[in-house]
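Here is a quick tour of a two-chain model, starting with each chain and ending where they meet. Keep the viewer open as you read.

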Amino acid sequence: MGRGGFFSVAFAVAGRQVYKYFANPAFLAPAFFPLFFFVAFAGGLTRVGDVPGFDYEAGYVAFQYVWALLQAVAMGGAFTGFSIAGDFENGFARRLLLAASNRQGIILGYTIASLVRGALTGILVTFLALLTGMPMSGGFDLFGLIGLAVLVNVAATLFGAGVAMLLRTQQAGPVIRTPIFLVLFLAPVFVPLNLLSGWLETIARLNPFTTILDAARGFLAGTPTSVLPAYAIGVALVAIFALWAVYALRRAEKAGA
Amino acid sequence: MKGPSLLVQVTSLARRSTLRTLRQPAVMVSAILFPMMFFAINAYGLDAATSIPGFPADSYLDFAFAFPLVQAALFGAITAGADLARDIESGFFDRLSLTPMRPASLLLGMLAGVVALGLIQGVIFLAVGVLFGVDVKSGFPGMIVLVLLTVLVALGFGGIGAMLALRTGSVEAVESAFPLFFVSIFMSSINLPRDLIEQDWFRYIATANPISYLVEGLRSLVITGWDAQALLLGFGCAFAIIALSVTGASALLRTRVAR
């Protein structure tokens with residue numbers, strides 16, 4: 001099967017998914033919790049930015065915005081996993097597997113659609129942050145932040161797609177959502193890594209998302225840090241979860257989905 | 001034919017309500033583990049906040065201890081509300097109204113189940129908290145008051161869950177209210193004392209939010225000892241929420257029975 005089949009399947013699946021998003025305003029649901037956490041943390045915890053040792057130049061609102069943005073795009077990926085699980089439950093995925101000339105294109109299709117959703121939810125969070133007076137001091141470095149957000153979205157989508165194709169039921173929701181939530185929260189959410197304490201500091205140091213979060217915050221402040229490690233981790237996560245999604249697709253094919 | 005007394009009816013339905021919750025491992029895990037997880041993350045993630053001048057506690061672990069108690073009450077309310085809505089959806093409620101059992105017993109039984117779950121959660125959280133180093137300044141009597149206030153908070157939220165269930169008769173509608181409850185907890189003084197909240201708009205919302213007073217009442221027992229004002233406001237708010245929600249639920253129950 002040639003590449004034409006791969007891309008035509010991908011674009012067909014992406015087109016259908018994007019159409020489904022725009023036909024239902026609930027597609028912005030992944031933005032709810034990030035928006036809410038942003039308002040709650042950036043609004044209620046501003047004084048935490050005055051703590052000795054809190055050295056993020058762009059301020060506490062910007063500090064929280066980056067986490068909310070990455071959460072929004074990650075949850076966009078998770079929700080795409082829920083959509084895939086729904087497609088398996090309602091029988092659409094079975095017909096899709098029978099009709100697709102190149103089944104790996106299905107994964108790419110869902111990923112493209114997830115990027116569209118992630119972009120829209122990301123814009124929503126950014127719009128709210130700008131409304132609350134967040135400074136944008138990163139200049140061209142902001143493209144680095146966008147690049148990391150794309151990698152986080154794609155990695156979360158591929159993880160969610162893998163779980164959804166493996167379990168093929170909407171009850172897979174918590175299995176997709178919980179690990180993503182844990183990875184996001186077991187990181188320097190409220191204060192920089194040097195101000196964390198106890199077991200949380202140890203776990204946050206081991207959590208690969210911490211490096212991505214630090215680099216993303218650096219881009220926004222115009223002082224990029226840990227850029228190469230962050231991109232290396234992002235690309236590695238995408239590669240690992242792409243293999244995971246392909247493995248799950250094979251299992252779905254064998255199960256006759 | 002004369003049916004069993006209201007007490008017997010309520011006891012039977014409370015037992016059913018409690019057992020139904022206890023037999024759902026996923027619900028119990030969510031009700032116990034999720035609040036503890038958020039508590040642990042907040043306690044260690046925001047420990048640096050104790051160095052803000054004027055912060056009322058030396059340890060954020062102590063300061064944050066009200067969080068799992070209030071969040072657990074919220075989970076209990078959603079679970080109980082969803083169970084009541086399931087009874088309406090499945091026709092159990094209609095079948096019950098054909099028996100000598102009084103409809104009020106279903107509501108009271110459900111609320112008794114909420115109280116039982118709140119009590120279990122309060123005791124478990126207190127035990128785990130003390131084990132991990134939470135220092136309750138008001139001592140053992142304070143711990144009893146802490147659990148009592150937690151149970152009242154659970155009852156108040158349970159009444160709101162019952163109102164939602166009786167108004168909508170839909171499990172989905174009750175569960176979709178979860179984010180609203182969750183938002184209301186965070187838009188309070190749960191993470192910082194109100195006088196240390198810098199943003200005026202957030203401080204106004206937190207001051208108007210009754211959950212702030214429930215949190216501050218619970219928190220005072222842990223970080224201060226016996227603070228009469230905080231406790232009066234906490235218990236006052238809890239009783240006000242119970243009165244409003246149970247009255248509202250009773251009115252909605254009468255409407256539903258009349259249909």
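## Chain A

Helices here are DSSP runs of H or I with at least four residues, strands are E runs of at least two, and numbering starts at the N terminus. With that in hand, chain A of this predicted model has 10 helices and zero strands. Its radius of gyration is 19 Å, close to the 18 Å the globule rule gives for 257 residues, so chain A is as compact as a globular protein of that length.

Laid along the principal axes, the C-alpha atoms of chain A fill a box of roughly 60 × 35 × 35 Å. Of its 257 residues, 51% count as buried. Take the contacts in chain A between residues at least 6 apart in sequence: 82% of them join residues at least 24 apart.

## Chain B

Chain B comes to 12 helices and zero strands. Its radius of gyration is 19 Å, close to the 18 Å from the globule rule for 259 residues, so chain B is as compact as a globular protein of that length.

The C-alpha box for chain B is roughly 65 × 35 × 35 Å along the principal axes, and 48% of the 259 residues count as buried. As for contacts in chain B between residues at least 6 apart in sequence, 79% join residues at least 24 apart.

## Helix H4 of chain B and what follows

Helix H4 of chain B covers residues 66–90, which makes 25 residues. From first C-alpha to last, H4(B) reaches 36 Å, close to the 36 Å expected at 1.5 Å a residue. Is H4(B) largely enclosed or open? A residue is buried when 20 or more other C-beta atoms lie within 10 Å of its own; 21 of the 25 residues in H4(B) are buried, so this helix is largely enclosed by the rest of the structure.

After H4(B) comes Gly91(B), with a positive phi near 90°. Then there's helix H5 of chain B, residues 92–97, where you'll find Asp94(B). Asp94(B) is partly exposed, with 13 other C-beta atoms within 10 Å. Its C-alpha sits 29 Å from that of Leu180(B), a residue 86 places away along the chain.

## Where the chains meet

At the interface, 20 residues of chain B are in contact with 22 residues of chain A. On the chain B side, the elements giving two or more residues are helix H2 (25–45) and helix H9 (178–186). By class, that side has 14 nonpolar, four polar and two charged residues.

Conventions
Residues numbered from 1 in each chain as written. Chains lettered and ligands numbered in written order. Predicted model: local features only at pLDDT ≥ 70, side-chain atom pairs only at ≥ 80, totals over all residues. Rg over C-alpha atoms; globule rule 2.2 N^0.38 Å. Buried ≥ 20, exposed ≤ 12 C-beta atoms within 10 Å, placed from the backbone. Contact = placed C-beta atoms within 7 Å. Nonpolar A, V, L, I, M, F, W, Y, C, P; charged D, E, K, R; others polar. Expected span 1.5 Å × (residues − 1).
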